[in-house]
Amino acid sequence: MSEQAMIGSVLVVGGGISGMQAALDLADSGYFVHLVEKTGAIGGAMPQYNKVFPTNDCAMCIISPKLVECGRHPNIDIMTLTTVIDINGGAGDFTVRVLEHPRYVDSAKCIACGQCSSRCPKSVDDSFNIFMAKRKAIYIKYPQAVPLKYQIDPQACIRLNEPEKCGICAEICPPGAIDFSDRGQERYLRVGAVVMALGFQPFDPGKTRAWGYGLYPNVVTSLQFERFLSPGGPTGGVLVRPSDRQPVQRIAFLQCIGSRDKNRCNNEYCSTVCCMYAIKEAMTVKEACPEVEVTIFYLDMRTPGKEFERYFEQARTERNIRFVRSRIHGVEPKGQKGDLRLHYINAHGRQVEETVDLVVLSVGLETPDAMVRLAEKIGIHMTPDRFASISAFMPVHTSLQGIFTCGAFNGPRDIPQSVIGGSAAAASVAALLNPVRHSLTRSLPPPPEQDVSRQEPRIGVFVCHCGTNIAGVVDVEEVAAYAATLPQVAHVARNLFTCSQDTQDLMVQQIREKRLNRIVVAACTPKTHEPLFRKTLKSAGINEYLIEMANIRNQNAWVHSQEPELATAKAKDLVRMAVAKVSGQTARKPLRISIAPSVLVIGGGVAGMTSALNLAEQGYQVYLIEKTQQLGGNALHLYQTWSGEHVPRFLRELREAVQQHPLIEVCYTSTIVAAGGHVGNFTSLIRTGTNRKRTIDHGAVIIATGAKRYIPEEFEYGKIPKVVASIEFDKLHMHNETRVANGKSFVFIQCVGSRNRQRPYCSKSCCTHSIQSAIKLKKEAPDRRIYILYREIRTYGQRERIYNQAREMGIVFINYEQHGPPRIRKADNNVLVEVWDHVLHRPLEIRADMVILAAAILANPEAVALATMFKLPLNRDGFFEEAHAKLRPVEFHVDGVFVAGLAHYPKPLEESISQALAAAAKAGRLLSRKEIALEPNIALVDPDRCDDCALCLGVCPYQAIKLAEYRDGEGVLRKTVTVDRILCKGCGICQGTCPKRGIDVAGFTTAQLEAQLDAALEAAAPAEEGRP
Amino acid sequence: MSETRRPRLCCHWLHACSGCELALLNGGDLFLGLLQLVDIVHFPLLLDYKYASGAEGKPDLPAAEIGLVSGGVASKNQLEVLRTLRGQCRILVAFGTCASHGGIPALRNQWTAEQTWNTVFQEDERSCSGEFEYEKWLDRVYAIDEQVEVDLLLPGCPPRPETIVATVAALAAGHQPQLAEKSVCEHCPTVRTGTGRMSVRRFLANADYDPEAPVDSMRCLLEQGLLCMGPVTVGGCGGREMPLCIRARVPCRGCYGPVRRQGNQLLDLLNVLASKGIDHRAIVDRRSLLRFSGAHGLLKPNIREG
Amino acid sequence: MIYEAKVNELAEEFGVHRNTIRNWINSGILPAQEGPGRRYLIQWEDYRRLCDKYGRQPRLKPDSAAPGELPAASHSPVVPASTPVCLGAKAKDLDASPGLADICLTCGSCAGACPISGVDELDPRKIVRMAFLGLEDEVVASSWPWKCTLCGKCEAVCPMNVEIVQLLRRIRARCDRDKVPAAIRKGVVTCLERGNNLGIPKDDFLALAREMGEELARISCPGFVTPIDVRGTRLLVTVNSKQPFAEPDAMTWWWKIFHAAGESWTISSEYWEGINWGLHAGDYGAMRTMVKRIIDNIERLNCTALLLPECGHAYYATRYALERWFPESLQQFKIYSVFDLLLEYLHEGRIRLDPAGQTKLATFHDSCNYGRHSLKAFGHGYFEEARILTKACCKRYVDLVPDREENYCCGAGGGAWADPFGAERVFHGRIKARQISASGAKLVVTSCLNCRDQILYSLNREFNLHVEVQFLWELVANALVMPPAETREARRV
Amino acid sequence: MKKEPIIIAFCCNWCSYAAADLAGISRLQYPGSIRIIRVMCSGMVHPDLVLQALNKGADGVIVVGCHLGECHYLKGNEMALARAEIIADTLEDLGIAAERFQLVWVSSSEPERLVAAFRAMSERLRAGRTPEIEAKEAGQ
């Protein structure tokens, strides 16, 4: 296809977190996005969750700003209630036929006042709450939905089923938005590429009676349980038994419901996320009610992700959650009162019968049939597990060129992997459509900002009900009335959900009408929602920084939920403090800086090369820094991916592509010795192999420095030559060395150096790796006896297939968790391995020709130096710590620096490649803008107070403060303290040091903190003296 | 009262050493010039004027437009005089560091009045014996703004003569006096880089400098590790010129009191040291950093020692 | 240490009835002395042995054991634990197909589902594991294959579809014949030698059949004559030798139904036995021979359909053998299950049922062979049919929980009723007994002779159930509305 | 009945402020007289602010930062630690009970730890170890 004919817009199918991420990255990278969502609002499954693991953030809170961002983006066209019928054409120019189903409510007119819903006479089970609560026939999917427009459920609506009847909503709708004649329509979209983020559905355990789902009310799915735990859920977050609303005392989680099962369903794969979400839900319960007994019945706890193992350990040791390794065959009722009986065999082979109040079925993920059909119709290849068939080397490419996939449609995965996938798909699209970047995007200039610096503060206070989250505890009317009495407060309003789209519009209107110039939002936490409100201020034409949030939800209503009077009084205090602070708020201008259109990629492994190649394809200059003499990194030791793809061939092709690309300059035997600058304009000093130094200017950095392998100290490694580490074994195996070639008996030992006290993390890829090696050995000679000694087999996702395959081939798996690690000793010509069997509880003895140790993956020790240079954090295990484990998995708090591959955490090749593409997407998104605006949350010098004593210079961790010389009016040479606006990160250490209040972080000036303090202590009686 | 009448100046001392008054006199010609601008109605150093008790046993002090009060308040009698002065003067100026922040006498706030009494007047062999009528002490030494409302602080130990005269002149003319608001560092010409050695040298240690070279080539004394109080002390000792101690190449002792009126020289300096990673416990007798500003409750008897 | 307990506490602990505990005490399984306050004094060791025997986690521990610490798992019955098992020393051959053991995840679902896992160390997961690790000799030598009732609950819950029942049948087949429980072994031999399991002579049987027919004609079915060796009839019906031997009246329930439905049927004078203990003994040769005899009868008598009433396993074994060894004969005649036939009568209006006479709360117990096994082997389990028929005969009906595929075995399947492991059989049945009591049913209907006998004669007594147990066809026969004679005649033509 | 002690908590934006949010999400409960002032870093808090709070009527002040080595700004919490020492010494000089000030490390994922610190300080202060009592005790 010629470049001229390509279309600069993209279709993203699926409005879940993965699709949203793809849409945002693409829209910010210069492509117009049609975001198609089959339900009435975007968000996917995440809004239904209570919290996310392992950060325990509130799910709604972290996704809400992204929802609004999608909703507001000028280059994202959200099409809800829309399904894709067909896709024709080819990469660069597709024609997509979509069907917009009728909403029966005119989105342009609906003001989401909710009167329709409150008057609608028809109640139906609410699918958002998994049928545990009711909603009306005219409804919004959830209170923070984007777009916040009502929709009519045509199955439930009385009028739509019986013309002449009802129609109340149409009669009372203030803007007359109801349209019963809405027929929906087919539309054709022309796009250059398609991203399929079709998502998943939870497994329906009601398909079999065994678990009692649908039969006994106290058997719920994990998703229902999320709703029970959620403050917005059917019980308002209070945990009670569905049968009798009595408190819950004993809970059992049953794992692998609808996963790893080819009997009761046909889902052989592992759903990847259930172990972690079960732990999360269990911890949530234990946090709220430590006396509740919680047991998780499992087969293998699969917690291979970053910080997951610690989470698991914390659950077990600190939270007293009981983990029982036994899969529960079924649930039976006990008595008439709703109790449930579980019968199982414990680790010792004894029968145990337990009674619990509540059984939570940890249901797996599967692709909805409709999505499978769509994929088939379009011609996308699917795996036997009914997920999109992808290559590990191209983890977001479908079998059709120009059509990409991400999220759980690519196989069961958690939120960060879905977010990474969304970004990775965006990067791949951006590379494809680079010639037509910016051809269809539009930019809407914000309204002109009025100068309020000389105006007296006119403060607007917006008190949020947050549904019942705040209003259920705090008397919001009283708080609002009180706010009106505070000095300088010119306007007070109350809103059901201040963060909803319609309230934002209302705020804009009120700011303009009442000429407000300072805003206080008394709602939730600024950490998640301030950026949202800042945009609102911007659209209202006042400076976005003239806002302060009073955190009356997280830090008030929720922590004093039993003391409404106290909470109301405290809410008033918090509002008073916010008002006091905001009146000292000043307008700030973001700093605009131009961007160097080049990227420094550190590390020439697969992750680094993938990022480099994608960015070069996106048209950016790339400097790829490799410390050795060849590209390839750890992948040089790999033979095949879990799905059997040949790594050396892929590596050779990737290497050639990188070396041949005109925009990539590879610096071999090079290391970074110093780095300076900031987002958009970094300057790094490279030392090359010839010990020459060279300076490179670049706009962004991708860190892909890989990891190291653990050299075992256990299992007689290094003492018995037949005991080797897996990477060594692979080499021997590849060359068919005699020890391997003649070997008849092989023992693999898992978790060598991982998941112990020293390294409490899982190295993630070793189970898969050992099983692959074992299968290969067995295939070569079926009479070989192969044993894998493990603690937990963690073949997550569709990798479970190779675990099943290995067992079918007769490979023996022995769990050594219960009886302790195996003992190794030399015996004649081979190695004697002693281990106890976990089922028979008897000692086993294996004469092995070789023992292969699955050694841990360690953080690269060189990361420390790099972290210091770029001012990046490392986690406790020495891996780079991303900005947010869930939603910002490749970014840092330091702008312009991204991470990918093993430098972030041990992971298999396909995840490294995904992450590398995601990092490239983020870098590309940054560079696609000619200039960027930096947050002006920086220290400012008050010339009236600063006397250039220079005390602040040395304390600044970023060397952002300098003394500049100038001549004063009398020609005397003077010095003055200046702050580099780009280097400064706004920590305020200078502010804490200065004895004269000569330097303050904007938005947190000492005067403002003092004002807050005074407001907080207004009612407190001062000590008997004026000063102590 | 004729319209041409000059504003009256009342100058009184409380718990003071008369250094401030002498500084004014040291102004020489400047002082003489001042006489053209104000009528001095009360000035104990110049005029041996006894203020007898008035009608109701109150001190008999003349009314004035401008009152300069040096010294802090340490006795009941002084307090009574101060209150009278406040009543008689339209503008009351805390004259010198003692009046503004307690000054040297307030060092005794580290002990209770009783402890001081016993130490000085009972235990010390050199103390006078015999029967004397002592003034009745207050519990501690107060800055005058702790007891009455004060319109202006004119700190310094003593204040610079030029500044005193200029201040009175400005007040007499009805202007806002121009006083230093920034710290000693403002006019300190030493070389500062923002970094420095991470230890504290003894206060008496000499600074490193080339005696031949001008001061502006000398390294900042604090950065040299000398406990210079410049950054936490309000400037003015050198006028718009180099601070006096720096001129002598010794560290600032903090005699003008805190740079912010509410500031705490001890806390601020320790904070600076702490921020720079210096162990503040290396300082012997940290409380001596409040040697000029021990009023306002910043120095208190150490109850643990007591 | 002495463990002091009341009978009901022990019953609660072991999930059995007080009677069972008393039986254990009386029989010496649980040595105990009567103590004060109706308590029994039990030596800790005896208590622990009992726990071991029934695979229960001891509720109490001796003071010396640290709290929460589990006592070490007791030893394998065959090889002492200290001797390591040498893996790979001997090639395994029991699990030729991976589906029999290799694909096991060792998840424990099967063991959790098995009502007697842990009893004498029996544990389906362990058996699978031992087969997998090449320890089949130990399994074969153990008593496990005979304590297991082959109920298939384990297999039904296995996420990997490990064919555990098939594996156990193979293990049974492997056993030395002298290890096969005597009753089963003898039954097979007798059947092969003398035509039926109990060796009833032909003349005795024919005379009895005739007599019973005459009596039936007299009481309720005027004109009834027992059809023996009637050629050209539609249906060949087999007989369970236990009935002519022990309760001949029971045969006539079916005869009454046939009479009412106007069925054209016959019994063979030779090889009339329906029981096929070749299945239980793991003796496939015997199983084949017995089925071949039935085929010969059909061919000889020129019938077009076959019914094996009375017992779940007979239908299963015969149909299984037909499909496996004689698929061509299934082209020639149809094999009916009792449900198919009764439902056919009902739907075609050949019989009419009146539930008015049966007012007890009834429930249906699914036999493993008609249920789970048929579902797995033939793709259809007889669940709904049984309920339609039962409800047609009873006014009040309640389901057991769980039932259908998830139903618990009565405890006597797989030949266990005839085996010498009575205590285990009763223990196995404790869950069935609990299910029945929990349902509140007073009438248990079943379609298998074993199930009926176990519930009626064993569980009823052991667990004080006080329930009536009827065969499904007994229930139908009792609810029959007998049509006028001419209707029957008309239909027969 | 004793009044709930008023406590000012200077919470770092990156750790304890987030932990305080999480405490809400987890519905942990703590005394209602604690007032959180959000700062960007514990290193932002000038000791003077702590003293001011105590002077202006707060019964206690708590500064909460990230665990050492986990500072979002590399070393701000080390500053806070150094400052805490001088604050402690100053309180001693002023005869103010040491319990009235505390520096605590809490990560963003440790709401329980934060709440425990809040509760502990509140209980300590409520137990009445006010400076006045302290003075009396010392005097005896």
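The following exercises, each with a worked solution, concern a predicted model of several chains.

**Exercise 1. Determine which pair of chains has the most contacts, and describe the side that chain A contributes to it.**

Solution. 
Step 1. Four pairs of chains touch, and the most contacts among them are between chains A and D.
Step 2. In this pair, 49 residues of chain A are in contact with 44 residues of chain D.
Step 3. On the side of chain A that touches chain D, at least two residues each come from α7 (274-288), α14 (553-557), α15 (564-582), α25 and α26 (1006-1016) of chain A.
Step 4. The element that gives the most to this side is α26(A), with seven residues.
Step 5. Sorted by class, the side of chain A that touches chain D has 21 nonpolar, 16 polar and twelve charged residues.
Step 6. Some pairs have no contact: chain B and chain C do not touch, and their closest C-alpha atoms lie 50 Å apart. Chain C and chain D do not touch either, with their nearest C-alpha atoms 28 Å apart.

**Exercise 2. Describe the contact between chain A and chain B from the side of chain A.**

Solution. 
Step 1. Chain A gives 17 residues to the contact and chain B gives 21 residues.
Step 2. The elements giving two or more residues to the side of chain A that touches chain B are α24 and α25 of chain A.
Step 3. The largest share of that side, four residues, is from α24(A).
Step 4. By class, the side of chain A that touches chain B comprises eight nonpolar, three polar and six charged residues.

**Exercise 3. Describe the contact between the two domains of chain B.**

Solution. 
Step 1. The domain assignment of chain B gives domain 1 (8-172) and domain 2 (180-292).
Step 2. The contact between them takes 14 residues from domain 1 of chain B and twelve residues from domain 2 of chain B.
Step 3. On the domain 1 side, α4 (96-101) and α6 (161-172) of chain B each supply at least two residues, and α4(B) gives the most, with three residues.
Step 4. By class, this side of domain 1 has five nonpolar, seven polar and two charged residues.

**Exercise 4. Decide whether Ile519(A) is buried or exposed, and name the residues that Ile519(A) touches.**

Solution. 
Step 1. Ile519(A) lies in strand β27 (residues 518-523) of chain A.
Step 2. A residue is buried if 20 or more other C-beta atoms lie within 10 Å of its own. Ile519(A) has 28 other C-beta atoms within 10 Å and is therefore buried.
Step 3. Not counting residues up to four places away in sequence, Ile519(A) touches Gly460(A), Phe462(A), Ile511(A), Leu537(A), Leu546(A) and Ile547(A).

**Exercise 5. State how many residues the largest nonpolar core has, and examine the contacts of Val194(A).**

Solution. 
Step 1. The largest nonpolar core has 634 residues.
Step 2. The residues with the most contacts inside this core include Val194(A), Ala522(A) and Val476(C).
Step 3. Leaving aside neighbours within four places in sequence, Val194(A) is in contact with residues including Leu11(A), Ile87(A), Phe94(A) and Gly402(A).

Terms used:
Residues are numbered from 1 along each chain as its sequence is written. Chains are lettered from A and ligands numbered from 1 in the order in which they are written. This is a predicted model: local features need pLDDT of at least 70, side-chain atom pairs count only at pLDDT 80 or more; totals for chains, interfaces and linings use all residues. Two residues are in contact if their C-beta atoms, placed from the backbone, lie within 7 Å. Ala, Val, Leu, Ile, Met, Phe, Trp, Tyr, Cys and Pro count as nonpolar, Asp, Glu, Lys and Arg as charged, and the others, Gly among them, as polar. A residue is buried if 20 or more other C-beta atoms lie within 10 Å of its own, exposed if 12 or fewer, and partly exposed in between; C-beta atoms are placed from the backbone. A nonpolar core is a set of buried Ala, Val, Leu, Ile, Met, Phe, Trp, Tyr and Cys residues joined through C-beta atoms within 7 Å. Domain bounds come from an automatic or database domain assignment.
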